[in-house]
Amino acid sequence: MSAECSSYLSADKVPVSGFSCPRAGGDARAVYCCGFQDVKYCCDDPHSFFPYEHGYMWWLSVGALVGLSIAAVVLFAFIITVCVLCYLFISTKPRSKLDAGLSLQMTGKTSC
């Protein structure tokens, strides 16, 4: 049993010629043509779309969600900290003008 993968344009718009499955030097069980419009490959399951197990994709999704959640919490804490520090800076500023102190005067002789 064998399948024919028709020619196609890759994602980089490079033409790829058609081929037969299984490919020479490839897995003899890969008798089906799988993939998408811009990438095709030989596989052993006619309903396969990804060359990875579904569990791998699930853990990738969970890891991405955990990472994004942690990043969101850190960003939220940073924004709260900046707001609190700005409030403290503004609320502790003196309300009246500061005394400039004594005015400076020239010493010595003055010529008229």
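**Charges, cysteines and a surface patch**

Modeller: Let's start with Asp-27, which counts as partly exposed because its relative accessibility is 38%. Keep in mind that this is a predicted model.

Colleague: Okay. What does Asp-27 form a salt bridge with?
Modeller: With Arg-29. The closest N and O atoms are 3.2 Å apart.

Colleague: Why does that count as a salt bridge?
Modeller: The cut-off is 4 Å between a side-chain nitrogen of Lys or Arg and a carboxyl oxygen of Asp or Glu. The pair has 3.2 Å between its closest N and O atoms. In general, side chains of opposite charge can pair when their charged atoms come close.

Colleague: And Arg-29, buried or exposed?
Modeller: Exposed, because its relative accessible area is 57%.

Colleague: How many salt bridges does the structure hold?
Modeller: One.

Colleague: Switching to cysteines. How many disulfides are there?
Modeller: Three. Take Cys-5 and Cys-33: their sulfur atoms sit 1.8 Å apart. The link is right-handed, with 125° about the S-S bond. It connects distant parts of the chain, 28 residues apart. Cys-5 is in strand 1 (residues 3-5), and Cys-33 is in strand 5 (residues 32-35).

Colleague: Is that pair hidden or on show? What are the values for Cys-5 and Cys-33?
Modeller: Cys-5 is buried, because its relative accessible area is 2%. Cys-33 has 29% relative accessibility, so it counts as partly exposed.

Colleague: Next one. What is Cys-21 joined to?
Modeller: A disulfide joins Cys-21 to Cys-42, with 2.0 Å from S to S. The torsion about that S-S bond is about -80°, so this disulfide is left-handed.

Colleague: Where do Cys-21 and Cys-42 lie?
Modeller: Cys-21 is in strand 4 (residues 19-21) and Cys-42 is in strand 6 (residues 40-43). So the bond ties together parts 21 residues apart in sequence. Both cysteines are buried.

Colleague: Which cysteine does Cys-34 form a disulfide with?
Modeller: Cys-43, with the sulfur atoms 1.7 Å apart. Cys-34 has a relative accessible area of 4%, so it is buried. Cys-43 is at 7% relative accessibility, so it counts as buried too.

Colleague: What pattern do the disulfides follow?
Modeller: Counting bonded cysteines along the chain, the pattern is 1-3, 2-5, 4-6.

Colleague: What about Cys-83? How far away is the nearest cysteine sulfur?
Modeller: Cys-83 is in no disulfide. The nearest cysteine sulfur belongs to Cys-86, 6.7 Å away. Cys-86 is in no disulfide either.

Colleague: How accessible are Cys-83 and Cys-86?
Modeller: Cys-83 is partly exposed, because its relative accessible area is 47%. Cys-86 counts as partly exposed as well, because it is at 43% relative accessibility.

Colleague: New topic. Which residues make the nonpolar surface patch?
Modeller: Phe-76, Ile-80, Val-84, Leu-85, Tyr-87 and Leu-88. The patch is about 640 Å².

Colleague: Pick one. Where is Leu-85 found?
Modeller: In helix 1, which covers residues 54-91.

Colleague: Is Leu-85 buried or exposed?
Modeller: Exposed. Its relative accessibility is 53%, and the cut-off for exposed is over 50%.

Methods:
Residues numbered from 1 in each chain as written. Predicted model: local features only at pLDDT ≥ 70, side-chain atom pairs only at ≥ 80, totals over all residues. Heavy atoms only, no water. Disulfide = S-S within 2.5 Å. Helix = DSSP H or I, 4+ residues; strand = E, 2+ residues; numbered from the N terminus. Buried < 20%, exposed > 50% of the residue type's maximum accessible area, 1.4 Å probe, protein only. Patch = residues over 30% accessible without salt bridge, like charges linked within 9 Å, V, L, I, M, F, W, Y side chains within 5 Å. Areas by Shrake-Rupley, 256 points an atom, 1.4 Å probe, with all protein chains shown as cover.
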